Amino acid sequence: MRILEIFKGDKGEFSSKRFVGILGAVVLCGSMVYYHSDKLIEAVEFITIFSLGYTVIDKYSNGKNNGN
């Protein structure tokens, strides 16, 4: 199934980080729509910013270590 492909990593195996990230995003967005509070919206914003920042740093730092 095509929908399960989003849970696979670069090498084709299922990634627990992607599963938890996607599930967490769906739950946070659902609760944000249901409760709609300013604090919850800010929390989702900061979680997204820090998660993407960590992913970028992790990707490029591992790439440099593997190349040397």
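Helices, here, are DSSP runs (H or I) of at least four residues, numbered from the N terminus. By that criterion Ala43 has its place in helix H2. The model is a predicted one, and its secondary structure comes to two helices and zero strands.

**Overall surface and burial**

- The protein has 68 residues, of which 6% count as buried.

**Nonpolar surface patch**

- A nonpolar patch on the surface is formed by Ile3, Leu4, Ile6, Phe14, Ile22 and Val26.
- Together, these residues have about 550 Å² of accessible area.
- One of the patch residues, Ile22, lies in helix H1, which covers residues 16–35.
- Ile22 has a relative accessible area of 31% and is therefore partly exposed, since patch membership requires over 30% while the exposed class begins over 50%.

**Largest pocket**

- The volume of the largest pocket is about 940 Å³.
- The elements that contribute two or more residues to the lining of this pocket are H1 and helix H2 (38–67).
- The lining comprises 24 residues, and those that lie nearest the pocket centre are Ser15, Lys17, Arg18, Ser51 and Thr55.
- By residue class, the lining of the largest pocket divides into ten nonpolar, seven polar and seven charged residues.

- Ala43 counts as partly exposed because its relative accessibility of 32% falls between the limits of 20% for buried and 50% for exposed residues.
- Ala43 and Leu28 are 15 residues apart along the chain, and their C-alpha atoms are separated by 9.2 Å.

**His36 in the loop**

- The loop between H1 and H2 contains His36.
- The phi angle of His36 is near 50 degrees, which is a positive value in a residue other than glycine.
- His36 is classed as exposed because its relative accessible area is 59%, and the cut-off for that class is over 50%.

Technical notes:
Residues numbered from 1 in each chain as written. Predicted model: local features only at pLDDT ≥ 70, side-chain atom pairs only at ≥ 80, totals over all residues. Heavy atoms only, no water. Patch = residues over 30% accessible without salt bridge, like charges linked within 9 Å, V, L, I, M, F, W, Y side chains within 5 Å. Areas by Shrake-Rupley, 256 points an atom, 1.4 Å probe, with all protein chains shown as cover. Salt bridge = Lys/Arg side-chain N within 4 Å of Asp/Glu carboxyl O. Buried < 20%, exposed > 50% of the residue type's maximum accessible area, 1.4 Å probe, protein only. 1 Å grid on protein atoms, 1.4 Å probe; cavity = no way out; pocket = protein on both sides within 12 Å on 5 of 7 lines; lining within 4 Å. Points joined across faces, edges and corners; volume = space filled by probe spheres on them. Nonpolar A, V, L, I, M, F, W, Y, C, P; charged D, E, K, R; others polar.
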